[in-house]
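Student: Please take a close look at one part of this model for me. I would like to see how the two chains meet, and what lies around that place.

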Amino acid sequence: MARSKQNDDRGEMMQGTLAMLILRTILLAPAHGHTIAHAIEHTSEDVLQVEHGSLYPALHRLEERGLIASFWGTSENNRKAKYYRITPAGRKHLASERSRWDQIVTAIARVLGPATE
Amino acid sequence: MGWLRYLRRPQRDRDFALEIEAHLQHEIDDNIARGMHPQEAAWAAHRKFGNVTTAKEITHRMNTIGFLETLGQDFRYALRLIRLEPGFFSVAILCLALGIGANTAIFHLLDAVRLRTLPVANPRELVEVQIGPNQHCCSGNFSSRRSNFTYALWDQLRTHQQAFSGVFAWAAYRFNTTTGGEVRYVEGLYASGDFFRTLGVVPALGRVFSPEDDRPGCGSPGAVLSYSYWQREYGGQASAIGRKILLNGKPFEIIGVSQAGFFGVEVGRSFDVAIPVCAEPLVNGEDAHTPKRHHWWLAVIGRLKPGWSLTQARAHVRTISPGLFEATLPPRYTPETAKEYLAYKLTADPAESGVSDLREDYQDPLYILLAIAALVLVIACANLANLMLARATARERELAVRLAIGASRPRLIRQMLAESLLLAAIGAACGALLAQFLSSYLVHFLTTNDTPLYVDLGTDWRMFGFTSALAVLTCLLFGLMPAIRATRTNPGKLMKASGRGLTDARERFGLRRILVVAQVGLSLVLLVGALLFVRSLHKLLTLDAGFQESGVLVTEINYSTLKYSPQRRYELQREIVRRFRLLPGVEQAGATTDVPIGGDRWNDRFQFVGANPSGKFLSNFNGITPGYFRTIGTPLLAGRDFDERDTPNSPKVAIVNQSFIKQFLNGADPIGKSIRIETGPGEPEAVYQVVGITKDAKYLRLRDPFSPTVFTSLDQMAEPEVQTSGTNILSRSQVALTAQLAAIKREMAAISPSMALKFYTLHSAIADSLLRERLMATLSGFFGFLAALLASIGLYGVMAYIVARRRSEIGIRIALGADRANVLKLIGSECGKLLLTGLLLGIGFSLAASQAITKLLYGLSPTDPATIALSVLLLALVALPASLIPAIRASRLDPMQALRDE
């Protein structure tokens with residue numbers, strides 16, 4: 001069962017933007033996985049639907065790269081949960097990703113030109 | 001990718017499982033808060049989450065080093081397969097172990113004996129000097145393993161040579177360290193002053209000899225121990241220096257120990273104690289070799305001067321030869337012998353691998369054994385290949401299923417690789433073990449009481465590496481190739497062929513047939529060789545040696561320490577023989593100067609008195625007492641034995657054997673004729689009258705044809721011919737051996753406790769003399785049998801495969817009315833064709849190859865038809881049942897089952 005190339009491409013792009021979203025979400029305060037997922041959905045007014053299953057690999061990859069750090073804590077519901085907080089490296093990464101994203105968006109907008117009827 | 005994370009992955013997996021659970025709980029709580037039913041909440045949460053297993057897998061893969069993980073899986077799976085298929089694996093490992101082990105062990109021995117250079121400084125500069133090949137060399141006494149020089153000749157060479165920066169003489173002897181009773185030998189070495197310096201050997205303790213230690217008339221200047229002897233006997237203690245050691249009753253002070261690893265210049269031997277050459281007269285007393293110009297006992301090696309080549313050195317010693325031989329002409333030589341002596345020329349040969357009697361005797365057998373081992377390796381690899389091909393075919397279906405489910409080709413091939421490597425690794429490890437075992441067995445086999453063998457038993461990694469590489473290659477080739485081919489094709493096709501293989505299988509099967517035929521052929525070659533050696537040995541063991549060897553005890557008595565006058569020695573000898581005859585249980589006893597097959601020989605030139613026939617002849621001689629012939633069991637054919645009539649004052653008499661008559665007298669009656677033995681000027685005339693004829697008996701070696709022998713009476717050899725150092729008594733007794741030995745020791749001690757005694761049975765001496773033949777017979781027999789076994793297994797495998805492939809065909813035939821006999825004939829004919837082709841090939845090979853072993857055989861030609869026929873029969877006997885079992889099973893097939901079993 002060979003994976004088709006299309007899926008891979010989509011996965012790549014999603015990984016990069018998902019990482020950005022996660023970092024932004026925990027920029028101000030640490031949160032655990034469930035909270036992060038809901039935060040993204042809620043803030044984007046349910047436009048961005050994250051499959052919770054693919055959130056976690058993304059979180060682990062970020063942790064592997066040292067952009068976020070994890071610790072166990074107790075959640076609001078008095079359950080044990082793994083919390084993630086951003087690291088200084090993460091902050092820097094978010095800033096650079098943010099500016100790159102802005103550049104891309106501006107460039108695309110320029111190419112598309114003003115909205116025609 | 002971090003090692004720490006890899007090692008902690010179970011922990012991380014657990015962590016993540018907890019994390020997922022926590023997440024799901026949160027989601028469920030939220031859902032319930034939104035008003036869902038708890039069960040619905042749970043489903044919704046799971047749906048939202050997505051595939052838990054995939055998430056876990058992705059995270060797990062992030063934490064692991066994929067390669068290592070799959071490798072671990074592969075090996076564990078391979079191990080499980082070994083447990084499931086013990087038959088295949090044990091045969092495969094046996095093949096590998098045999099091929100690798102045998103070759104490594106034999107090559108190791110061959111290398112130690114033949115190929116290695118001496119562990120000294122710059123061995124390539126070392127050169128051995130000796131008299132060039134000359135049919136007239138040499139006349140006199142010879143008493144060591146390498147008797148190339150007399151002392152006088154060595155001394156001349158030393159002072160006049162120009163080609164060597166250092167030159168030394170040496171001789172290997174055994175010294176007795178006890179003062180009486182049964183002997184206890186150490187391996188001794190006479191070393192001239194420059195011995196250690198020229199070789200570049202430094203002392204490990206104390207000092208070694210220098211030229212100052214080796215001056216004529218030095219008496220007892222000191223002894224140097226070898227490192228291993230020092231460790232063995234003195235525990236490596238520094239206090240060994242200064243202690244005294246007794247050599248043949250003479251005390252020597254230990255002055256040093258030579259460096260570790262140095263064993264002398266003789267490969268395969270080692271020395272325990274070294275003393276200077278000048279000490280020889282002290283040790284041997286009256287028997288001293290040094291003053292006698294006709295006593296050959298030394299060997300000489302020199303180190304080339306810088307800039308000198310071997311050819312130049314050779315030319316140089318040749319040029320100075322006339323002068324050397326003229327200055328050292330022995331006075332007792334007859335004019336004729338003198339002329340030959342003066343014409344001797346010295347030559348020089350490379351000595352970088354030292355010198356070795358072992359090499360000369362065992363070089364050919366070892367090479368042949370190596371060839372045999374190589375053949376066994378080829379057969380083993382062929383067997384292995386066959387086995388793996390068969391297995392691969394059987395697993396095609398399994399591979400197809402795996403491919404269909406979703407395994408990737410590289411992954412499957414990696415798994416096959418792991419299996420092959422594991423098999424090769426286990427096989428190689430077993431091979432290494434077998435090699436060690438076989439090596440020590442070989443050394444043990446070749447060590448006799450008289451000549452202990454010293455071979456460094458460290459592992460030789462070269463041959464091991466080579467054979468392992470070959471084995472690994474075979475495994476990989478025949479394990480991987482089918483797998484790669486199978487994974488390349490469409491799995492559907494594989495499965496559709498009902499697990500019986502593709503058209504590809506036809507080619508593969510051709511290869512298997514070729515392999516099996518080759519195996520059978522090669523096995524036959526090995527069997528023929530083995531049988532030739534075994535039959536040679538049998539012929540040697542059962543030939544009529546002219547005497548009865550069983551039940552004869554030999555006692556070598558050395559009385560040189562007593563320093564008796566010749567007259568007293570003569571009486572001592574007679575007393576010894578008398579006492580032997582009086583021992584309880586002794587039926588016969590007699591003395592002799594040369595024990596048959598004992599390694600000693602006395603020969604002389606003689607003429608017939610009355611010149612009828614005229615000319616000088618050469619014959620073996622032996623001095624005996626009355627009773628010798630009765631003891632040894634050689635019948636007297638005519639005339640009389642020696643008896644009391646023969647005294648030192650009566651006319652000298654002699655007894656001759658049949659070969660003597662045949663060779664010199666053309667069958668005429670010798671009784672009454674007289675012979676005159678050639679003696680030097682100043683020695684008493686020796687004229688002997690022939691009074692008896694005895695049956696031919698072997699003298700020096702069992703292999704040699706009977707040669708003319710003249711027996712003289714020891715009772716008539718009074719001063720000055722009487723034996724100086726000792727005598728050999730042969731006795732035949734009813735009493736058990738231990739009791740015999742005790743009684744003899746008692747009696748001899750009663751005469752004089754300081755006589756040295758050495759005991760052995762004639763039977764064991766003869767067995768030792770046949771060591772080479774026994775080695776070849778044992779090992780080649782072992783390998784031959786194994787080869788036959790392997791070939792049978794191979795044949796069985798191929799036949800089983802044929803039957804499996806044609807199962808449905810056979811089922812149909814049986815259903816249509818074929819009976820058992822028909823089926824047997826069908827399958828049997830296939831088997832017969834393979835076997836026959838293999839045998840014919842084998843016969844061809846053996847006819848060609850057995851020329852190589854002609855020299856080692858006895859009484860057989862290498863193309864002996866009886867042997868070849870017997871080998872064919874043996875192989876067929878072993879191979880046929882193995883190959884007919886599948887045929888018989890095929891004939892018993894239930895047709896319905898065969899057809900249904902798709």
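Tutor: What follows goes from the contact between the chains to the elements on either side. Keep in mind that this is a predicted model.

Start with the contact itself. On chain A, 18 residues are in contact with 18 residues of chain B. Three elements of chain A each supply at least two residues to that side: helix 2 (33–43), helix 3 (52–64) and strand 3. Helix 3 of chain A gives the most, with 8 residues. By class, the side of chain A that touches chain B has 8 polar, 6 charged and 4 nonpolar residues.

Now look at helix 3 of chain A. Its axis and that of helix 4 (residues 52–63) of chain B come within 8 Å. The two axes cross at roughly 15°. Angles under 35 degrees count as roughly parallel, so helix 3 of chain A and helix 4 of chain B are roughly parallel to each other. The crossing of this pair is right-handed.

Which residues meet there? Helix 3 of chain A brings A:Gly53, A:Tyr56, A:Pro57, A:His60, A:Arg61 and A:Glu64. Helix 4 of chain B answers with B:Val52, B:Thr54, B:Ala55, B:Ile58, B:Thr59 and B:Met62. The residues of this contact divide into 6 nonpolar, 4 polar and 2 charged.

Next, strand 3 of chain A. Strand 3 covers residues 80–86 and pairs with strand 1 of chain A in the antiparallel sense, over 2 bridges. In that pairing, A:His32 stands opposite A:Tyr83 of strand 3. The whole sheet is open, has 3 strands and runs in the order 1-3-2, with antiparallel pairing. Strand 1 (31–32) and strand 2 (68–74) of chain A stand at the edges. Each has a single partner strand, so one side of each is left without a neighbour in the sheet.

Cross over to chain B. The domain assignment places domain 1 of chain B at 3–64. Helix 2 (residues 9–34) and helix 3 (residues 38–49) of chain B pack at about 130°, with their axes 8 Å apart. That angle makes helix 2 of chain B oblique to helix 3 of chain B. Their crossing is right-handed. From helix 2 of chain B come B:Leu24, B:Glu27, B:Ile28, B:Asn31 and B:Ile32. They meet residues of helix 3 of chain B, including B:Pro38, B:Ala41, B:His46, B:Lys48 and B:Phe49. This contact has 9 nonpolar, 2 polar and 2 charged residues.

Last, the rest of chain B. The assignment also gives domain 2 (74–116 + 362–502), domain 3 (123–352), domain 4 (506–544 + 766–902) and domain 5 (560–754). The centres of domain 2 and domain 5 of chain B, taken over C-alpha atoms, are separated by 60 Å. One more helix pair is worth a look. The axes of helix 24 (residues 771–805) and helix 27 (residues 865–891) of chain B come within 8 Å and cross at roughly 20°. Helix 24 and helix 27 of chain B are therefore roughly parallel to each other. Their crossing is right-handed. Among the residues in contact are B:Leu789, B:Tyr796 and B:Met799 of helix 24 of chain B, and B:Leu875, B:Val878 and B:Arg889 of helix 27 of chain B. The residues of this contact divide into 18 nonpolar, 2 polar and 1 charged.

Definitions and conventions: Residues are numbered from 1 along each chain as its sequence is written. Chains are lettered from A and ligands numbered from 1 in the order in which they are written. This is a predicted model: local features need pLDDT of at least 70, side-chain atom pairs count only at pLDDT 80 or more; totals for chains, interfaces and linings use all residues. Two strands pair if DSSP finds at least two bridges between them. Helices (H or I, at least four residues) and strands (E, at least two) are DSSP runs, numbered from the N terminus. Two residues are in contact if their C-beta atoms, placed from the backbone, lie within 7 Å. Ala, Val, Leu, Ile, Met, Phe, Trp, Tyr, Cys and Pro count as nonpolar, Asp, Glu, Lys and Arg as charged, and the others, Gly among them, as polar. Axes are lines fitted to C-alpha atoms, for helices over the stretch in contact, and angles run from 0 to 180 degrees between N-to-C directions. Angles under 35 degrees count as roughly parallel, over 145 as roughly antiparallel, 65 to 115 as roughly perpendicular and the rest as oblique. A crossing is left-handed if the near helix is turned anticlockwise from the far one by less than a right angle, and right-handed if clockwise. Domain bounds come from an automatic or database domain assignment.
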